[in-house]
Amino acid sequence: MSSTAPSTTDVPRFGPTARWVHRTVAVLMTVCIVTAAILYVSSLAVLVGHRQIVEIVHVYAGFALPVPIVVGLASSSYRDDLRRLNRFAPTDRRWLRSKTRRDGTIPVGKFNAGQKLNGALSAGSIIVLFVTGVLMYFPSLVGLSYRTGATFAHDWFAFGVGLLVLGHMAFAFGDPEARRGMRTGRVSASWARKEHGAWAKEMGVGAGGDDTPARRLGT
């Protein structure tokens, strides 16, 4: 049997829409970061050349970045995930303050506080980058002072997003089971109990033995 094949102890974590949105945004964000690096680092610009083409790719990838998120809103399960990401509970604050936050003693929902912060920062940054990018690409919309401010904000937010993405990737590579959840939509019951105890209980995953999730994800 394949290592990614569902088993009786697997728990459905992400539906097809959430996985598609995540992958599409990841690809577009990677294109934006790589092309931005080429445009701003002179040694890379000289090495790659074709600056006009790189600029076009960067602009269109940036304009496309919010599209998968908006399209994903058609899915009820995806909207449910967004509501969970946007809801901070007292346990989230405890989780952030705790030095032993990953030992399973704090009941964590489907998303921990770190994932919620990452989601909020990513969404906010995408909005800022999109708006400032529009002002930079269509200079006739506003005056010079606004365009200068938009350029300043765009550059610094882009730098911040680059660091955020690197941190996100570091955590992802350190947790193979979390990556499997985004890749296949399913995770092991033991991982769910340890990392997201409150969500595991919600899904009907018991303390051990043969676990049968209480519900399945939609699209």
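Analyst: Helices (H or I, at least four residues) and strands (E, at least two) are DSSP runs, numbered from the N terminus. With that rule, Asp80 and Arg84 both fall in helix α5 (residues 76-85), four residues apart, about one turn of the helix. This is a predicted model, in which local features need pLDDT of at least 70 and side-chain atom pairs count only at pLDDT 80 or more, while totals for chains, interfaces and linings use all residues. Residues are numbered from 1 along each chain as its sequence is written, and side-chain values use heavy atoms, with hydrogens and water left out.

User: Thanks! What makes Asp80 and Arg84 a salt bridge?

Analyst: A salt bridge needs a side-chain nitrogen of Lys or Arg within 4 Å of a carboxyl oxygen of Asp or Glu. The closest N and O atoms of Asp80 and Arg84 are 2.9 Å apart, so the pair meets the rule. Side chains of opposite charge can pair when their charged atoms come close.

User: Why is Asp80 called partly exposed, and why does Arg84 count as buried?

Analyst: Buried means under 20% relative accessible area, exposed over 50%, and partly exposed in between (1.4 Å probe, protein chains only). Asp80 has 25%, so it is partly exposed. Arg84 has 17%, so it counts as buried.

User: And what makes Glu55 and Arg51 a salt bridge?

Analyst: Their side chains meet at 3.2 Å, N to O, so this pair passes as well. Glu55 and Arg51 are four residues apart in helix α3 (residues 51-64), which means that about one helical turn separates them. Both are partly exposed: Glu55 because its relative accessibility is 33%, Arg51 because its value is 47%.

User: Why does Phe173 count as exposed?

Analyst: Its relative accessibility is 58%, so Phe173 lands in the exposed class. Phe173 is found in helix α8 (residues 144-173).

User: What makes the group with Phe152 and Trp156 a nonpolar patch?

Analyst: Patches are made of residues with over 30% relative accessible area and no salt bridge; like charges are joined within 9 Å, nonpolar side chains (Val, Leu, Ile, Met, Phe, Trp, Tyr) within 5 Å. Phe152, Trp156, Phe159, Leu163, Leu166, Met169 and Phe173 form this one, with about 840 Å² of accessible area together. Such areas come from the Shrake-Rupley method with a 1.4 Å probe; for residues, only the protein chains shown count as cover.

User: What is meant by the largest nonpolar core?

Analyst: A nonpolar core is a set of buried Ala, Val, Leu, Ile, Met, Phe, Trp, Tyr and Cys residues joined through side-chain atoms within 4.5 Å. The largest has 15 residues, with Phe14, Met29 and Leu65 making the most contacts inside it. The elements giving two or more residues to this core are α1 (16-40) and α7 (113-137), and α1 supplies the largest share, six residues.

User: Which residues does Leu65 touch?

Analyst: Leaving out residues up to four places away in sequence, Leu65 touches Val25, Leu28, Met29 and Ile126. Contact means heavy atoms within 4.5 Å.
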